[in-house]
Amino acid sequence: MGAKGDGQMTSRIENPFSIRFVLPEQRAMYLQMKEDDKLVPMLVIEQDELESFHYIIRDSACEDYAITVKWWKAVKGERGTICSMWGTVKWIDQNGRRIKLINDADSQWISIDSITCVIS
């Protein structure tokens with residue numbers, strides 16, 4: 001073994017408090033706090049943007065081309081995360097105010113009221 005490896009072992013043995021032990025509960029709480037820091041409130045979308053989203057969604061459904069839809073999903077109360085999916089709009093449920101987006105790997109019902117971005 002090289003001198004570098006020996007020096008590291010010696011320092012840890014001489015100072016057993018240099019290694020910090022963390023309980024699984026503490027680690028889980030820390031990781032949850034880090035995840036909570038990533039949560040965002042629901043975005044406020046302007047009316048002209050909403051109309052543009054609706055136009056692209058209808059066009060994707062009629063012309064059968066893929067779009068990317070981003071939407072807000074509640075996680076903790078008023079805070080949530082932004083989800084994203086690429087696919088073709090196969091169904092627009094006017095009564096339920098939702099769309100069905102489908103790609104080769106997945107299908108997802110997305111609430112129209114939670115959509116934050118649509119990219120064609």
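**View 1. The largest nonpolar core and its most connected members.** Within the largest nonpolar core, which comprises 16 residues, I67, V69, I99 and I115 touch the most other members. Two or more residues of this core come from each of α3 (47-63), β2 (66-76), β3 (79-93), β4 (98-102) and β6 (115-119). A nonpolar core is here a set of buried Ala, Val, Leu, Ile, Met, Phe, Trp, Tyr and Cys residues joined through side-chain atoms within 4.5 Å; buried denotes under 20% relative accessible area, exposed over 50%, and partly exposed the range in between (1.4 Å probe, protein chains only). Helices (H or I, at least four residues) and strands (E, at least two) are DSSP runs numbered from the N terminus. The model is predicted, so local features need pLDDT of at least 70 and side-chain atom pairs count only at pLDDT 80 or more, whereas totals for chains, interfaces and linings use all residues. Residues are numbered from 1 along each chain as its sequence is written, and side-chain values use heavy atoms, with hydrogens and water left out.

**View 2. Surroundings of I67.** Leaving aside neighbours within four places in sequence, I67 is in contact (heavy atoms within 4.5 Å) with I56, I57, S60, M85, W86, G87, V89, L101, V118, I119 and S120.

**View 3. A nonpolar patch on the surface.** V40, L43 and I82 form this patch, with about 210 Å² of accessible area together. Patches consist of residues with over 30% relative accessible area and no salt bridge, nonpolar side chains (Val, Leu, Ile, Met, Phe, Trp, Tyr) being joined within 5 Å and like charges within 9 Å. Accessible areas come from the Shrake-Rupley method with a 1.4 Å probe; for residues, only the protein chains shown count as cover. V40 belongs to strand β1 (residues 40-41) and counts as partly exposed because its relative accessibility is 31%.

**View 4. The salt bridge between D64 and K90.** The structure holds 3 salt bridges, each a side-chain nitrogen of Lys or Arg within 4 Å of a carboxyl oxygen of Asp or Glu. In the pair D64 and K90, the closest N and O atoms are 2.8 Å apart. This pair links distant parts of the chain, 26 residues apart: D64 is in the loop between α3 and β2, and K90 is in strand β3.

View 5. The side chains of R98 and D93 meet at 3.0 Å, N to O. R98 is partly exposed at 32% relative accessibility, whereas D93, at 18%, is buried. D113 pairs with R97, the closest N and O atoms being 2.6 Å apart. D113 lies in the loop between β5 (107-111) and β6, and R97 in the loop between β3 and β4, 16 residues apart.
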